[in-house]
Amino acid sequence: KKSREESCGEDSGVEILENRPYADGPGGSGQFTHKVYHVGSHIPSWFRALLPKAALQVEEQSWNAYPYTRTRYTCPFVEKFSIDIETYYRPDCGEQPNIFNLVSAEKRQRIVDVIDIVKDPIPQAEYKQEEDPRLYRSVKTGRGPLLDSWIEERQTGEKPVIMCAYKLCKVEFRYWGMQAKIEQFIHDVGKW
């Protein structure tokens, strides 16, 4: 419903350019999609009037070869900008120290951010009681609600492991004088 509500008007919505299987790509074989997000409706009209149409589009290329996925976001207007997100899904509690096989220099630059879906704060405006893992119980699987100790219960084997999504986010903004500041801002905003 939310995406449908956000896809109203000329300057909004998602355009699917490609959706096809691939045999020899990131993660082996899987499904490739190439989409264009038209984001004009999310920008104030006075500011939108100043920008070329290419600045109001975000392109997404995605390779889904579960348990591995890779998604790349670019903007045609900002040629030296990209966000790359790689994901591995594993049936563990986040114990894999280098699942992406990073070299030493990359490991020194990374920031590991463990997300606790029970304890991490949620902005009040985004909170939905029906999605609260402290309250939700699946009728189908019988799992839930989760206690504050849900991670520890799975690490000790007291409860079965569910799944961990390991994400590696890389931001490139290769414009002299602004690169480090913009890249850090995007990483900080991406946490929330």
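## Salt bridges and buried charges in a predicted model

Lys170 pairs with Glu106 in a salt bridge, with 3.8 Å between the closest N and O atoms. Because Lys170 sits in strand β6 and Glu106 in helix α3, this pair ties together parts that are 64 residues apart in sequence. Please keep in mind that the model is predicted.

**Salt bridges**

- The structure holds seven salt bridges, and the Lys170–Glu106 pair is one of those described here.
- Lys170 is partly exposed at 37% relative accessibility, and Glu106 is also partly exposed, at 30%.
- Arg70 and Asp84 join their side chains in a salt bridge, at 3.0 Å from N to O. This pair links distant parts of the chain, with Arg70 in strand β4 (residues 68–75) and Asp84 in strand β5 (residues 78–90), 14 residues apart.
- Arg70 counts as partly exposed, with a relative accessibility of 23%, whereas Asp84 is buried at 13%.
- A salt bridge also brings together the side chains of Arg154 and Glu153 (3.7 Å, N to O). Both Arg154 and Glu153 are buried.
- Through salt bridges that share partners, Arg70, Arg72 and Asp84 form one network.

- Asp116 belongs to the loop between α3 (104–109) and α4.
- The Asp116 side chain does reach the backbone nitrogen of Lys119, at 3.1 Å.
- Beyond its neighbours within four places in sequence, Asp116 contacts Trp150 and Ile151.

**A buried histidine**

- His34 is part of strand β2 (residues 28–39).
- Is His34 buried or exposed? His34 is buried, its relative accessible area being 12%.
- A polar contact of 2.9 Å connects the side chains of His34 and Glu59.
- Setting aside residues up to four places away in sequence, His34 touches Glu15, Ile16, Leu17, Glu18, Glu59, Glu60 and Gln61.

**A nonpolar surface patch**

- Tyr66, Ile162 and Met163 make a nonpolar surface patch of about 320 Å².
- Met163 lies in the loop between α4 (150–155) and β6 (164–173), where Met163 is partly exposed with a relative accessible area of 43%.

Technical notes
Residues numbered from 1 in each chain as written. Predicted model: local features only at pLDDT ≥ 70, side-chain atom pairs only at ≥ 80, totals over all residues. Heavy atoms only, no water. Patch = residues over 30% accessible without salt bridge, like charges linked within 9 Å, V, L, I, M, F, W, Y side chains within 5 Å. Areas by Shrake-Rupley, 256 points an atom, 1.4 Å probe, with all protein chains shown as cover. Salt bridge = Lys/Arg side-chain N within 4 Å of Asp/Glu carboxyl O. Helix = DSSP H or I, 4+ residues; strand = E, 2+ residues; numbered from the N terminus. Buried < 20%, exposed > 50% of the residue type's maximum accessible area, 1.4 Å probe, protein only. Polar contact = N/O pair within 3.5 Å; in protein donor to acceptor, adjacent residues only side chain to side chain. Contact = heavy atoms within 4.5 Å.
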